[in-house]
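Colleague: I've got this model open and I'd like to learn how to read it. Could you walk me through it?

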Amino acid sequence: MFYLVLTGGSHGTGPLWIYVVAPITFFIRGFKKGIVDIFFFVLVMLYAFYLASTFQFTDYGTLHFPSRIILTFIIVAALSGLYEHFRQHHSEKLTLLAQKNELLATIDPLTNLPNRRSMMAKLAELKSNDINPVFSIILLDVDDFKKINDQYGHFVGDHALTHLAGIFTQQLTHNDLVARWGGEEFLFVLPNKDKAKALQLTDTLHGALKSQPLHIDGYTISITVSMGIAEITDSSAIERDIQHADALLYQAKNSGKNRTCA
Ligand SMILES: Nc1nc2c(ncn2[C@@H]2O[C@H](COP(=O)(O)OP(=O)(O)OP(=O)(O)O)[C@@H](O)[C@H]2O)c(=O)[nH]1
């Protein structure tokens, strides 16, 4: 560009090419770096015009032509910069929104636990992982939850679910996960833990629920749960393991609730 301005290019049209510099610079360098680059570019162009007229490399006639070229270039650069600024701003906003939506799609809004969809993805990952073949799942269902809703109202029922989510999360060790599986059901995934270790956790959960009843609106509500444990050692369909845990949960319910079957 310096050479084109200095020599005038073909029939003195060389300086016209400087207009392509502004949009390309902002596109490649972004808004902030683009401003700095354009500033130095203008200085270099001024110097090129100065040299061209001082040493008669090319004849631009009066000062009108170079000054109009620089002025119109600054206007084009300002518009290109503004365009890049708004483009960058909106693109950042869109990225943030997409990240937020992605997060919301994996979280249960009431308990803030992972939802069923995200837990299914985790289970599929664990199943496909040869290095980590043994893990256990616990399917948990709150006992007589309908009675809590009927007796104290849906609002208290919601609080009971968040209260439970808090207790469950407290009892997890670093790799364990718990998700809201749906309604008043929760699913625990315990990587590297066999059935015996899962049973230890269920004992702890029964104990924690007993010692931490829900206190709300002057009421003290004791909540119990029933659980079914499935230990997973093969790579068969995860749905089969969940069905297995569900059958054991059903057994726990039918044998009097507030217990675990494995
Ligand atoms: N407050 C509240 N209630 C819910 C929510 N999701 C499901 N429920 C209620 O949970 C209750 C589940 O009732 P049931 O399936 O009969 O189970 P249960 O009363 O716990 O009985 P058992 O499972 O046999 O112990 C229903 O009344 C649902 O309306 C929720 O997000 N908030």
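Colleague: Which residue in β3 does Gly182 stand opposite?

Modeller: Gly182 stands opposite Glu185. Before going on: this is a predicted model, where local features need pLDDT of at least 70, side-chain atom pairs count only at pLDDT 80 or more, and totals for chains, interfaces and linings use all residues. Residues are numbered from 1 along each chain as its sequence is written, and side-chain values use heavy atoms, with hydrogens and water left out.

Colleague: How do β2 and β3 run, and how many bridges join them?

Modeller: Strands are DSSP runs of E, at least two residues, and helices are runs of H or I, at least four, numbered from the N terminus. Two strands pair if DSSP finds at least two bridges between them. Here β2 and β3 run antiparallel, joined by five bridges. Their hairpin has two residues between the strands, and Gly183 takes a positive phi near 50° there.

Colleague: In what order do the strands of the sheet lie?

Modeller: The order is β2-β3-β1-β6-β7, an open sheet of five strands with mixed pairing. At the edges are β2 (177-182) and β7 (260-261), each pairing on one side only. β7 pairs with β6 (residues 225-232) in the parallel sense over two bridges, and Gly228 stands opposite Cys261 in β7.

Colleague: Which helix lies across these strands?

Modeller: For angles, axes are lines fitted to C-alpha atoms, for helices over the stretch in contact (heavy atoms within 4.5 Å), and the angle runs from 0 to 180 degrees between N-to-C directions. Helix α8 (residues 238-254) lies across β1 (135-142), β2, β3 (185-191), β6 and β7, at about 145° to β6.

Colleague: Now the ligand. Which residues come nearest?

Modeller: A residue is near a molecule if one of its heavy atoms lies within 4 Å of it. Of the 16 residues around the ligand, Asp144, Phe145, Asn149, Asp158 and Arg180 come nearest. α6 gives the most to this shell, with four residues.
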